[in-house]
Amino acid sequence: MIRQANSNHSSDIAKLIISGWQTAYKGLIDDNFLSSLSTTIISEKWEKYILSQNKDNHIYVYEEDDKILGVIRFGKPDDKSDALHNAEIHVLYVEPSLKRHGIGSKLFDFAKEYFVKNNYTNMIIWCLKENSPSIKFYEKMGGKIIAERKATVNNIDLLECGLSYNLSNIVIKEYEEKYAEAMSKIIIQNLFEINIKDYGEEYVKKSSTEYTVPEITKSFPQRTKVFVALENNIVVGTAGIDKSWYNDDGEYWILTVFVDIKHHKRGIGTLLLKEIEKYAQEIHAKKLVIPASIFGCEFYHKLGYEYQNGKKELNKDKLYIMEKCLETASN
């Protein structure tokens, strides 16, 4: 059975992890280091993890006949700069002699179901690149390798692979007129409930006139491309891209990025931006520019957009001009 870990489990978890390391990392990490791993030290470390569990940090064990056969720790990503993922499985170990008995799959699915139930949209797992069996397992569970990073173990530099999972049923589609009414409501709601705090009522009222249904149906089709995010065929976000008004040399502007307030912090904005960036690569755009609001600038910064000229300064419209050069743009 799967149950939440308590401090009484820390010693058994430590033994399980040491056994897992000595089996999975043999030949990858110095044998002397692996044989010197201390149950006491690791147990104390895990007792602290267990006692510090909260809504962003969960530890569960797989138990049979009072024996701990597997452990998983999951929650928010450790890397706070990772704007692409809002969930992470940090640790997943199974008793080495019982691998391929379904215990790892059950623990994985347990964490995944928790994330889906609580509206997390994108999950990541980091695994040593040379640990082929684990990578194959995570790929079998639906993960796709999207990144690598350095990891240091016992003063040895190793590489980790990041495997990404899409947990949402969010679908990104191109704009159609039938979406205009829902888009208008989302944009105007954000203006009057979010942006009004930084820009005031007069500014917001004036801006909102640009996003009535008639205005959207008139102006949005003229943009290079407009996308909507749908969940169960309901619009939950929108974003568009258009040619630059100032630079004709492969520069495009990202415009009107809004997500239904009820669905903020679910990764929907990130999905929309990634779809726009993918499209921008297809049309050989060289640079993307965003006129970012005060509320949205940090979100864009996490996605790799830098302040124009390296300065975080508001322009005359009280917007930050942010930009990203596309590395694989056509020469």
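Reader: Where is N233 found?

Author: N233 is found in a loop between two strands. Helices (H or I, at least four residues) and strands (E, at least two) are DSSP runs, numbered from the N terminus. The loop that holds N233 lies between β9 (225–231) and β10 (234–243).

Reader: What kind of model is shown, and what limits apply to it?

Author: Residues are numbered from 1 along each chain as its sequence is written, and side-chain values use heavy atoms, with hydrogens and water left out. Local features need pLDDT of at least 70, side-chain atom pairs count only at pLDDT 80 or more, and totals for chains, interfaces and linings use all residues, for this is a predicted model.

Reader: What is the phi of N233?

Author: Most residues other than glycine have a negative phi. N233 is not a glycine, yet its phi is positive. N233 is also exposed (over 50% relative accessible area; buried is under 20%, partly exposed in between, with a 1.4 Å probe and protein chains only), at 68%. The phi of N233 is near 65°.

Reader: What is the relative accessible area of N309?

Author: N309 lies in the loop between β13 (306–307) and β14 (320–325). N309 is not a glycine either, but has a positive phi of about 60°. N309 counts as exposed, because its relative accessible area is 68%.

Reader: Which residue in β12 is the bridge partner of W253?

Author: Strands β11 (residues 251–259) and β12 (residues 287–292) run parallel and are joined by 3 bridges; two strands pair if DSSP finds at least two bridges between them. In β12, the partner of W253 is V289.

Reader: How are the planes of Y114 and Y120 arranged: stacked, edge-to-face or tilted?

Author: Rings of Phe, Tyr and Trp (its six-membered ring) pair if their centres lie within 6.5 Å; planes under 30 degrees apart count as stacked, over 60 as edge-to-face and the rest as tilted. By this rule there are 24 aromatic pairs. Y114 and Y120 are 6.4 Å apart from centre to centre, with 35° between the planes, and the pair is tilted.

Reader: Is Y120 buried or exposed?

Author: Y120 belongs to an aromatic cluster with Y60, F74, F110, Y114 and F115. At 11% relative accessibility, Y120 is buried.
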